[in-house]
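Hello,

Here is the structure I promised to pass on to you. Please open it first, and then read on for what turned up in it.

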Amino acid sequence: MNVVMTIAGSDSGGGAGIQADLKTFQELGVFGTSVVTALTAQNTMGVHDIFATTSAFVRSQAAAVFSDFPVQAAKTGMLASSEIIRETAEILRMQDLQLVVDPVMVAKGGEQLLGMEAVRDLREHLIPLSTVITPNIPEAEVLTGMKIHNENQIAKAAEHLLELGANCVVMKGGHVDDP
């Protein structure tokens with residue numbers, strides 16, 4: 001069986017984060033492992049509190065999984081801090097696997113999940129390692145510094161993300177008026 005890893009926050013409401021990733025992995029017929037970067041108190045109405053783990057604990061979790069499972073792919077989600085982003089990048093640089101980077105920066109309710117230093121570290125350390133990056137429009141705007149309102153701007157933002165080192169960009173829609 002193929003083994004994959006999610007490196008993300010835990011959603012107490014079960015609709016996002018590692019819970020959603022593990023459900024998706026199961027539906028796709030792969031065995032899911034996880035590294036928890038943060039605990040959240042959240043539900044369908046929003047994020048009420050966040051408790052980030054330490055980068056050392058992220059490393060310990062990843063080391064435990066990699067020492068026992070033949071992980072072939074990883075997916076990142078909410079990484080919570082610059083330290084965790086840099087640690088995650090360092091850990092993944094040592095692995096031979098496919099990497100999906102979901103640059104989670106803002107919760108659905110609008111809560112900011114990453115500061116600007118962490119966004120910079122995401123750009124510099126994690127995106128260059130990615131096989132695929134999957135930003136939504138607001139995330140792509142933050143990562144590129146561009147405003148995105150139409151298909152042409154989506155294409156330009158995707159090109160910019162490719163220039164940062166991503167191998168492929170899948171831009172998630174739903175945030176622009178242009179059909």
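What covers the buried residues of α1? The cover includes β1, β2 (31-43) and β4. Before I go on, a word on the ground rules. This is a predicted model, in which local features need pLDDT of at least 70 and side-chain atom pairs count only at pLDDT 80 or more, while totals for chains, interfaces and linings use all residues. Residues are numbered from 1 along each chain as its sequence is written, and side-chain values use heavy atoms, with hydrogens and water left out.

**Helix α1**

In helix α1 (residues 17-27), the buried residues are Ile-18, Ala-20, Asp-21 and Phe-25. They sit on the same side of α1, because they cover an arc of only 160° around the axis. (The arc is that of the directions from the helix axis to the C-beta atoms; buried means under 20% relative accessible area, exposed over 50%, and partly exposed in between, with a 1.4 Å probe and protein chains only.) Lys-23, Gln-26 and Glu-27 are exposed residues on the face of α1 turned away from its buried side. After α1 comes Gly-29, with a positive phi near 80°.

**Helix α4**

An α-helix has 3.6 residues a turn, so residues three or four places apart point the same way. The buried residues of α4 are Ala-118, Val-119, Asp-121, Leu-122 and Leu-126. Seen down the axis of α4, they fall within an arc of 160°, so they line one face of the helix. These buried residues pack against β4, α3, β5 and α5.

His-125 is also in helix α4, and it counts as partly exposed because its relative accessibility is 25%. Leaving aside neighbours within four places in sequence, His-125 is in contact (heavy atoms within 4.5 Å) with Arg-86, Ala-89 and Arg-93.

**The nonpolar core**

A nonpolar core here is a set of buried Ala, Val, Leu, Ile, Met, Phe, Trp, Tyr and Cys residues joined through side-chain atoms within 4.5 Å. The largest one has 37 residues, and those touching the most other members are Met-5, Phe-66, Leu-92, Leu-122, Leu-126, Leu-143 and Met-171. Two or more residues each come from β1 (3-11), α2 (55-66), β4 (71-76), α3 (82-93), β5 (98-101), α4 (116-126), α5 (137-144) and α6 (151-163). Which element gives the largest share of this core? That is α3, with five residues.

**A few single residues**

- Ala-80 lies in the loop between β4 and α3. Its phi is near 75°, a positive value in a residue other than glycine.
- Thr-134 is in the loop between β6 (132-133) and α5, and counts as buried because its relative accessibility is 14%. Not counting residues up to four places away in sequence, Thr-134 touches several residues, among them Asp-102, Pro-103 and Glu-139.
- Ala-157 belongs to helix α6 and, at 0% relative accessibility, counts as buried. Leaving aside neighbours within four places in sequence, Ala-157 is in contact with Thr-144, Met-146, Ile-148 and Met-171.

How values were computed
Helices (H or I, at least four residues) and strands (E, at least two) are DSSP runs, numbered from the N terminus.
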